[in-house]
Amino acid sequence: MNNFRFITYLTSNIGTDQAAIEQLLSHCSIREFKKGEFLLRQGEKCRYSFFVERGLLRQFSIDEKGKEHIIQFAPENWFMSDRESVYFDRPSSYFMQALEDTVTFLLDENLFLELSKSDTAFLEFNNRLLHNHIRHLQRRITQLQSATAEERYLDFIRMYPDLLLRVPQIFIASYLGITPESLSRVRKELAGKNHRM
């Protein structure tokens, strides 16, 4: 198994020696998920952060009316986890599902905390991941409250530039908090603007 992406990610994002990275890798497990398979279901406790080596994940909730609300996609080189479930040892409010055949590295959160105690580089890395996650969620909240559908769609393209052909339109609409019909309208309007330029 070629774990080039994960090793490259760790090497470029953790300012620590190779021995510490190898120690982390030795405690990680690799798991493959088939398209449609769940990594986590609502009500289960999340025990890992998942690093996507190859493939694509989505994280979503289902409301009382049965409607799905996608909060995150994770393509290659992205992490996905339910921090609330992991940190507070609570049942998850979310589902995590593979949208393609996906290869992930499973990082046990307890191991990460132990390494953070003994190596400040891991502590800084973990803090950076956490703060990046918070920043992303705050931006999502602001967008859902105040941005237009077009602004949200353009931001989606900036954040996930390679997902337009990999993700069904209904999932993109769910992520944006709009209907598939509204998404079609936004795309047509943008195509019209680009055509006139």
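Me: Which residues of α4 are buried, and where on the helix do they lie?
Reply: In this predicted model, the buried residues of α4 are Glu 109, Leu 111, Phe 112, Leu 115 and Ser 116. Viewed down the axis of α4, these residues fall within an arc of 155 degrees, so they line one face of the helix.

Me: Which exposed residues sit on the face of α4 turned away from its buried side?
Reply: Exposed here means over 50% relative accessible area. On the face of α4 turned away from the buried side, the residues that are exposed are Asn 110, Lys 117 and Ser 118.

Me: Why do the buried residues of α2 line one face of the helix?
Reply: The residues in question are Ala 20, Ile 21, Leu 24 and Leu 25, which are buried in α2. An α-helix has 3.6 residues a turn, so residues three or four places apart point the same way. On the other side of α2, Ala 19 and Ser 26 are exposed. The buried residues of α2 line one face because, seen down the helix axis, they fall within an arc of 140 degrees.

Me: What is the strand order of the open sheet, and which strands are at its edges?
Reply: Four strands with antiparallel pairing form the open sheet, in the order β1-β8-β3-β6. An edge strand pairs on one side only, and this applies to β1 (29–33) and β6.

Me: Over how many bridges do β1 and β8 pair?
Reply: Glu 32 has Val 103 of β8 as its bridge partner. The pairing of β1 and β8 is antiparallel, and the number of bridges is five.

Me: Which element gives the largest share of the lining of the largest pocket?
Reply: The largest pocket has a volume of about 600 Å³. Its lining holds 24 residues, with Trp 78, Phe 79, Leu 129, Asn 132 and His 133 nearest the centre. Two or more lining residues come from each of α1 (4–13), β6 (79–80), α4 (109–118) and α5 (120–146). The largest share, nine residues, is from α5.

Me: Which element supplies the largest share of the lining of the second largest pocket?
Reply: The second largest pocket holds about 380 Å³ of space. It is lined by 16 residues, and closest to its centre are Arg 83, Val 86, Tyr 87, Glu 109 and Leu 113. At least two lining residues come from each of α3 (83–88), α4 and α5. The largest share, five residues, is that of α3.

Me: What are the phi values of Asn 77 and Asp 89?
Reply: Asn 77 is in the loop between β5 (68–74) and β6, and Asp 89 is in the loop between α3 and β7 (95–98). Phi is positive in Asn 77, a residue other than glycine, at near 75 degrees. For Asp 89, also a residue other than glycine, phi is near 55 degrees.

Me: Is Asp 89 buried, partly exposed or exposed?
Reply: Buried means under 20% relative accessible area and exposed over 50%, with partly exposed in between. Asp 89 has 39% relative accessibility, so Asp 89 counts as partly exposed.

Key. Residues numbered from 1 in each chain as written. Predicted model: local features only at pLDDT ≥ 70, side-chain atom pairs only at ≥ 80, totals over all residues. Heavy atoms only, no water. 1 Å grid on protein atoms, 1.4 Å probe; cavity = no way out; pocket = protein on both sides within 12 Å on 5 of 7 lines; lining within 4 Å. Points joined across faces, edges and corners; volume = space filled by probe spheres on them. Buried < 20%, exposed > 50% of the residue type's maximum accessible area, 1.4 Å probe, protein only. Arc of directions from axis to C-beta. Pairing = 2+ DSSP bridges.
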